[in-house]
Amino acid sequence: MNTPSHPTRRQTMKLLALLGLGSQAAAPVVNALAATDPWKLSEAEWKKRLTPAQFDVLREEGTERPGSSPLNAEKRKGTYHCAGCDLPLFSSDTKYESGTGWPSFHTPLAGALGTKTDYKAIFPRTEYHCVRCGGHQGHVFNDGPKPSGKRYCNNGVALTFKAVA
């Protein structure tokens with residue numbers, strides 16, 4: 001029985017070279033894969049890297065007080081990144097005012113988030129986290145605007161914002 005296998009990086013590079021594409025063509029793929037390699041830091045390393053509020057939300061799955069984030073009022077074009085590892089999570093084009101007191105988005109960037117079921121509020125909710133560092137971001141609900149109909153309700157302290165220059 002033949003088992004499907006994936007080409008190694010070396011095999012892929014040889015194929016690209018044969019096609020005249022060289023290492024330049026493979027660089028974005030390799031960089032995209034490296035961008036989401038899981039981070040494995042100790043609790044002490046996370047505490048050194050994050051503020052106490054960021055540590056509470058990102059590593060302990062805490063929730064910041066509604067209305068407390070300066071990102072609620074952020075209106076510039078740019079990208080929202082994980083405060084733990086700087087992975088881009090949301091485009092400003094998907095941010096909207098949900099009236100909840102937390103930054104809200106209708107669509108994440110492709111491949112940026114993972115989810116799990118959270119029972120902390122007794123009823124099940126879908127918690128989402130950064131796919132690279134596992135940092136808790138918030139919860140997703142089915143009451144958002146089109147096109148997705150989702151509301152990604154994010155803790156502002158779990159994000160950083162990078163404006164487009």
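A search of the whole structure, which is a predicted model, finds seven aromatic pairs (rings of Phe, Tyr and Trp, the last by its six-membered ring, with centres within 6.5 Å; planes under 30 degrees apart count as stacked, over 60 as edge-to-face and the rest as tilted). F90 and Y128 form an edge-to-face pair, with 6.2 Å from centre to centre and 80 degrees between the planes. Because F90 belongs to strand 2 (residues 88-91) and Y128 to strand 6 (residues 125-130), this pair ties together parts that are 38 residues apart in sequence. Strands are DSSP runs of E with at least two residues, numbered from the N terminus. Both F90 and Y128 are buried (under 20% relative accessible area, with a 1.4 Å probe and protein chains only). One aromatic cluster is formed by Y80, F90, F105, Y128, Y152 and F161.

An open sheet is built from six strands in the order 3-4-8-7-6-5, with antiparallel pairing; two strands pair if DSSP finds at least two bridges between them. Strand 3 (95-96) and strand 5 stand at the edges with a single partner strand each, so one side of each has no neighbour in the sheet. Strand 6 and strand 7 (residues 136-141) run antiparallel and are joined by four bridges. E127 has H139 in strand 7 as its bridge partner.

H106 is located in the loop between strand 4 (104-105) and strand 5 (113-118). With a relative accessible area of 12%, H106 is buried.

Residues are numbered from 1 along each chain as its sequence is written. Local features need pLDDT of at least 70, side-chain atom pairs count only at pLDDT 80 or more, and totals for chains, interfaces and linings use all residues, while side-chain values use heavy atoms, leaving out hydrogens and water.

Definitions and conventions
Buried < 20%, exposed > 50% of the residue type's maximum accessible area, 1.4 Å probe, protein only.
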